[in-house]
Structures are given as C-alpha cells and as structure tokens.
Amino acid sequence: MNKGKFLFVSLLLLGAWGCSQPGTVTLEKDVLMDKIKGGWAGQTIGCTYGGPTEFRYQGRMIDDSIPINWPDGYIKWYYDNSAGLYDDVYMDLTFVAVFDRLGLDAPVDSFAMAFAKADYPLWHANQAARYNILRGIMPPASGHWQNNPHADDIDYQIEADFAGLMSPGMPNTASEISDKIGHIMNYGDGWYGGVYVGAMYSLAFVSSDVEYIVTEALKTIPEQSRFYQCISDVIAWHKSYPDDWKKTWQACEEKWSQEIGCPDGVLVPFNIDAMINSAYIVIGLLYGEGDFGKTLDISTRCGQDSDCNPASAGGILGTVLGYSNIPEYWKKNLYEVEDRDLVYTTISLNDTYQMSFDQALQVITRNGGSVSEKSVSIKTQQPVPVRLEQSFEGMRPVSRIGVGKLLPEVPEIKFEGTGIVLRGNVESPDVNYVAEVEFFLDGQSAGVMSLPANFTLRAHDLFWKYQLDPKEYTLTFTWLNPAKDAKIHVADAIIYGEALVSVED
C-alpha cells in the first residue's frame, strides 16, 4: 500500500477517534485487510525474534551487550525444527476456526471442547483448564482460581489477539469475546491480560498513537484491580523516565514482580503471571515509539515470557502500521511460510488473514457498522471496564516446602496456613494409566484426584485446596490404584497464609 496513503488514513483515524463520543470511522477494505495482516504478521515475527530467550531471563533483563539475532530464513527454521514455538498463533487459530465453522454465536462449549481435545501440548492455565473440561468442569468454572491454580497466568493474554483483530475500533466487543473465551482458562488478572491485549489490538485500527492506545485500552480494566494499577504505574513511570526503559523495568520489578498464584512461580524468580508480562508488552510499546524493531527488542529484553511479549507488542504495532509498512528487514522471513499450515492445524497464515478479515466484516455489521464493495464503516466504541474479579483474594504464598520424593515415601506433610498446592507428576510405561489418589486433611477426605500419566492429559498439579481456616494441618495420601512401574513424584508444596511475604531470589 502507498505509504502516503497510509499516513493520510492514519491521521484521519486519529482525528476521528479523538472526539469525546463514539463516532464512525470509514476504512477502505484494503486498509482493513492490511492492518489485520499486520497484526498476525507482527505476532509471528515477534514470537520468532524472542523465541531463543523464552524464560532464560527470570527477574532480570537481557543486557544490551547480548545480541539477539535475526538471520535470513529464521521463521522457516522454526517451522521446520521447533514449530511448537508458535503456540501463540496456533492457539489463537483454535478459536478462529470455531468462529469460521459455527459463526459469531458459537457457544462457549464448542470453543472449550475444541481446545481441550486438540493434539497440542499445553501448560499452566491452559492445561489446568483442559484437565477440568475433560472431567466435566466447563467454563467459566474451568478457569476459576479455585479450580485452576494458574488462573492468573499469561495463557489467554497470548491467545487474545484474534478477539481484537476481529473487532476493529470496537474494544468493548473484543471484551465480550474475551469474556466468553478467556474464562475457559483464566480468571482475574489472567483474564484481564487478554481483555487488555484485545482492546489494544482493537484500538490499533483507529489510532496511530501508541501512548493513546495503551492508555485508552486500560479503560477496559477496573481501576480497583491489581492489573490496572500495575499498568497505570508503567504508563506513569514512562512519563517520569521517558528516555530510560530500564528504570521503568526496575520500578516494575520492585513493586509488581511477586507471583501470587502460579505454583511454579511463587517465591522463585520465574514469573508467568499475565500482569507482569503485560507490563513488559507496554514497556516495549511505549519505549519503542512506533519503531517496529525497537519495540520487539525492548519487549524481549524485559525477560520472563520473552517470546510471547514481543509477539503481542509486535502484533499490536503491526496492526497500527499495517502489513505493508512493517519494514522489509523483518517481514522478508515471513514470505517463506505464509502458505504453510501452522503445526497442529490445517490453517496457514494466508488462510488466517482471510478468515480474520471475514470475521471482522461480520462483527462490524453486527455492531452497527456497514460494509460496501470497497469500504467498511465502523461504529467505534469508547472503552468501558469489564467487571471486577480478583483471584486468590486474601491469600499470599508464605513458604515452599521441598519434598522431592515418590509418593509412598511421603507419609504426610504438615503445614500451617490457609491453602496448599502440591506440585508433582505421574510416570508410567502405560500411557493410559490414571492414578487415583485420595487426599486427607487432618484425617478428613479432601477429595480424590485422577492423575493421568499421559502428558497431554495430565493434571498440572497433584492437589490444591484454598480458603482453609488459618491453622495447622496434616496432609496425608492414599494411592487407591497403584500399578507396576508407575510412579508419583511429589516435588514440593506451596503454602498460603494471610501474611504478605517479600519474594527473595
């Protein structure tokens, strides 16, 4: 697309969106498609750029002296050798495909079952939700923190791109989509991460001002929430330190890096919480100042989930710029794979562009806009906050009890607190084996867990119980169906209490 034409359209959009009341924005269809393609392309490029650094830098930034490479053929190499990197993309496509097959009114159970029965491996909130769904715990209960210890994790945040890309200029519509699908696997801050990312994508169609996008999109999040307060801080720190992203990163690390929910991340440097990783997206966008490469690099160098964060930042900025204005240096690696199906799918990026475009046309029409032969008229929306919900209220991790033994060698675990999560896994030469373990608190049954040895079907955690009365407890176990050569590893126990504890490396 002609750059002069793009800049002119961008200025018109920014002016239209600057009014105090929702208005109507008209886009030529080729501009709409260009932005949708830019979103998917930016996401794929960002994921690839940050891929080698993912979770290698926990609680520390990647120093400028450490090179992050972008060689020719890089995306093709990952497609050929490590295609699982693109879970950001193929997870989105699970939901895009359901909309394509069943339409905009597809029931949430269709999304949940497509997700739960897919062949791809999952982790954290996604895997906990899969486990729940396959046992009849359907959304939104499948993502609720009492059923899912990973409810605040990043999972829906990295999968929410589609919601914003199919809702151009309509952040509240993106939030409605996220309400349905995001609660399959998340709750509270984990859900807010997806709501916020979806809103930023949505606004990227109608504004070229990155600071405006990150600030305006935050209006979809309740001000009382921790998520809102964290991102609001990042925006304020950017104003205080406009030329030094590392000062903002450090301030964020000191105030907001304590993991509360994820059993893998509490009281250790690892942090897959949606809130802190969303902060890194925003740091990349604000300090990237509209420069595609700079945006990717800063989001990556913030560390933690440093493939997903540049993927989100790159997708949002790619939507602002449009596919045709992503610099050739970054885009050329994409050409080799755009006609190839993503792993675990029968959908290519070229298919995705068209499916997402078709869905955007439907959403525009449904929400008061119109579609003509060459253009679309979008009835834009002023962002409004979704409902307030917070996971793990009144609870804080107070200790991590190392166990490191097989279950028969663990007679009991004594603890004092208001909750416990037991981490571990099941091994068996029989991939269909499912261990049945009954857990007891002070001799009273606390439930039976079915624990598949199959990695794809596994329970992410062996056992959890929250909102206990604050006192001393003894946790014991009965393995109801021990099998030859089967093993149940108990890694450690996360104990929750009412007191706040500072995270120490």
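**Close-up 1. Helix 4 crosses helix 18 in this predicted model.** The axes of helix 4 (residues 87-102) and helix 18 (residues 349-366) come within 10 Å and cross at roughly 50°. Helix 4 is therefore oblique to helix 18. Axes are lines fitted to C-alpha atoms, for helices over the stretch in contact, and angles run from 0 to 180 degrees between N-to-C directions. Angles under 35 degrees count as roughly parallel, over 145 as roughly antiparallel, 65 to 115 as roughly perpendicular, and the rest as oblique. Helices (H or I, at least four residues) and strands (E, at least two) are DSSP runs, numbered from the N terminus.

**Close-up 2. The crossing of helix 4 and helix 18 is left-handed.** Left-handed means that the near helix is turned anticlockwise from the far one by less than a right angle; clockwise is right-handed. Helix 4 supplies Val89, Leu93, Val96, Ala97, Phe99 and Asp100 to the contact (heavy atoms within 4.5 Å). Helix 18 supplies Leu349, Thr352, Met355 and Gln359. By class, seven residues are nonpolar, two polar and one charged. Ala, Val, Leu, Ile, Met, Phe, Trp, Tyr, Cys and Pro count as nonpolar, Asp, Glu, Lys and Arg as charged, and the others, Gly among them, as polar.

**Close-up 3. Four strands form an open sheet in the order 5-10-7-8.** Pairing is antiparallel; two strands pair if DSSP finds at least two bridges between them. Strand 5 and strand 8 (444-452) are the edges. Each has a single partner strand, so one side of each lacks a neighbour in the sheet. The twist averages 30° from one strand to the next.

**Close-up 4. Strand 10 (residues 471-479) pairs with strand 5 (residues 413-417) and with strand 7 (residues 434-441).** Five bridges join strand 5 to strand 10. Here isoleucine 413 stands opposite leucine 475. Five bridges also join strand 7 to strand 10. Phenylalanine 439 has phenylalanine 477 of strand 10 as its bridge partner.

**Close-up 5. Asparagine 148 sits in the loop between helix 6 (124-133) and helix 7 (155-159).** Asparagine 148 is buried, with a relative accessible area of 0%. Buried means under 20%, exposed over 50%, and partly exposed in between (1.4 Å probe, protein chains only). Asparagine 148 touches Ala125, Ala128, Ala129, Asn132, Ser142, Gly143, Met185, Phe392 and Trp464, not counting residues up to four places away in sequence.

**Notes.** Residues are numbered from 1 along each chain as its sequence is written, and side-chain values use heavy atoms, leaving out hydrogens and water. In this predicted model, local features need pLDDT of at least 70 and side-chain atom pairs count only at pLDDT 80 or more, while totals for chains, interfaces and linings use all residues.
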